[in-house]
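Biologist: I am new to reading protein models, and I would like to learn how to go through one step by step. Could you guide me?

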Amino acid sequence: MIYSKEIENMCPVHKGADHGPAPIPEEGRWVKSKEISDISGLTHGIGWCAPQQGCCKLTLNVKEGIIEEALVETIGCSGMTHSAAMAGEILVGKTILEALNTDLVCDAINTAMRELFLQIVYGRTQSAFSEGGLPVGAGLEDLGKGHRSQVGTIYSTKAKGPRYLELTEGYITEIALDEDDEIIGYKYINMGVMLDLIKDGTDPAEAIEKASGQYGRFDDGVKTIDPRKE
């Protein structure tokens, strides 16, 4: 340690109180974290790229400072999906400090990692008050049975109104309108279910039928439209 001459010439004064760090909630415990290994928790966060043309939702499950599970979801430019593929390999097994200082390929993923780091080290995790935390694998619950991101795509114009294109249930095939031309329901295809059926040998037409459903008062509609054509 190198000290300046001014510091060397000072007389020593002993400090009094030393209470240490304030405890933070971690997986049902109060922890005074001093090392990266003191940090545990599962949380989600959002990041965005510099031109703000895309974003990343990042889910991390951290146990004793190590990232044990990562879910990377992106929306935006095509390059982001490939960046997410690389980040998925990079993140797991690293400490959260290593991950914070690692190039995760995409600006949006790097920003998401920064935001999650702050949440985790301040004890603002989703599992802060869950005794024992959440098991590795909890991130998959966000995706549901079809193991697909929960995506909502709605396009609207002032002249022609809204078009539901994709919602949590799946790919929208028809929209039902009432007598005032207001949306009261829709039909959809759950793409994850459909593709799983086809993969298992089901005829595509039958797979579409089995993976289809409807929501709202679809049967009460005065007319229906194809949101991609009409």
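Modeller: Gladly! Let us begin with a term for how covered a residue is: buried means under 20% relative accessible area, exposed means over 50%, and partly exposed lies in between, using a 1.4 Å probe and protein chains only. Please keep in mind that this is a predicted model, where local features need pLDDT of at least 70, side-chain atom pairs count only at pLDDT 80 or more, and totals for chains, interfaces and linings use all residues. Residues are numbered from 1 along each chain as its sequence is written, and side-chain values use heavy atoms, with hydrogens and water left out.

Biologist: Is Arg217 buried, exposed or partly exposed?

Modeller: Arg217 counts as partly exposed, because its relative accessibility is 47%. Arg217 sits in the loop between strand 10 (212-216) and strand 11 (223-225).

Biologist: Which residues does Arg217 touch, not counting residues up to four places away in sequence?

Modeller: Contact means heavy atoms within 4.5 Å. On that basis Arg217 touches Ile184 and Gly185. Arg217 and Gly185 are 32 residues apart in sequence, yet their C-alpha atoms are 5.0 Å apart in space.

Biologist: Now a residue in a strand, please. Is Ile67 buried or exposed?

Modeller: Ile67 is found in strand 5 and counts as buried, because its relative accessibility is 0%. Leaving aside neighbours within four places in sequence, the contacts of Ile67 include Leu60, Val62, Leu91, Thr95 and Ala99. Thr95 is 28 residues from Ile67 along the chain, and their C-alpha atoms are separated by 6.0 Å.

Biologist: And what about residues in helices?

Modeller: Let us take two. Leu100 lies in helix 3 (residues 96-100) and is partly exposed, with a relative accessible area of 29%. Beyond its neighbours within four places in sequence, Leu100 is in contact with Met113, Arg114 and Phe117. Glu89, in helix 2 (residues 78-91), counts as exposed at 68% relative accessibility. Glu89 and Ala70 are 19 residues apart in sequence and 9.1 Å apart, C-alpha to C-alpha.

Biologist: How should I read a backbone angle such as phi?

Modeller: Most residues other than glycine have a negative phi. Here Glu27 has a positive phi of about 50 degrees although it is not a glycine. Glu27 lies in the loop between strand 1 (24-26) and strand 2 (29-31), and is buried, with a relative accessible area of 8%. Asp181 also has a positive phi, of about 60 degrees, and is not a glycine. Asp181 belongs to the loop between strand 8 (170-177) and strand 9 (183-189), and is partly exposed at 48%.

Biologist: How do I read a pocket?

Modeller: On a 1 Å grid over the protein atoms alone, a cavity is a set of points where a 1.4 Å probe fits but cannot get out, while a pocket is an open set with protein on both sides within 12 Å along at least five of seven lines; lining residues have an atom within 4 Å of a point. Grid points are joined across faces, edges and corners, and a volume is the space filled by probe spheres set on the points. The largest pocket here holds about 360 Å³ of space. It is lined by 15 residues, of which Glu73, Thr74, Ser149, Gln150 and Val151 are the closest to its centre. Strand 4 (55-63) and strand 5 (66-75) are the elements that give two or more residues to this lining.

Biologist: Finally, how do I judge the chain as a whole?

Modeller: Start by counting elements: the protein chain has six helices and eleven strands. The radius of gyration (taken over C-alpha atoms) can be set against the globule rule, 2.2 Å times the number of residues to the power 0.38. For this chain the radius is 25 Å, well over the 17 Å that the rule gives for 230 residues, so the chain is more spread out than a compact globule. Along its principal axes, the C-alpha trace spans about 90 × 40 × 30 Å. Buried residues make up 34% of the 230 residues.

How values were computed
Helix = DSSP H or I, 4+ residues; strand = E, 2+ residues; numbered from the N terminus.
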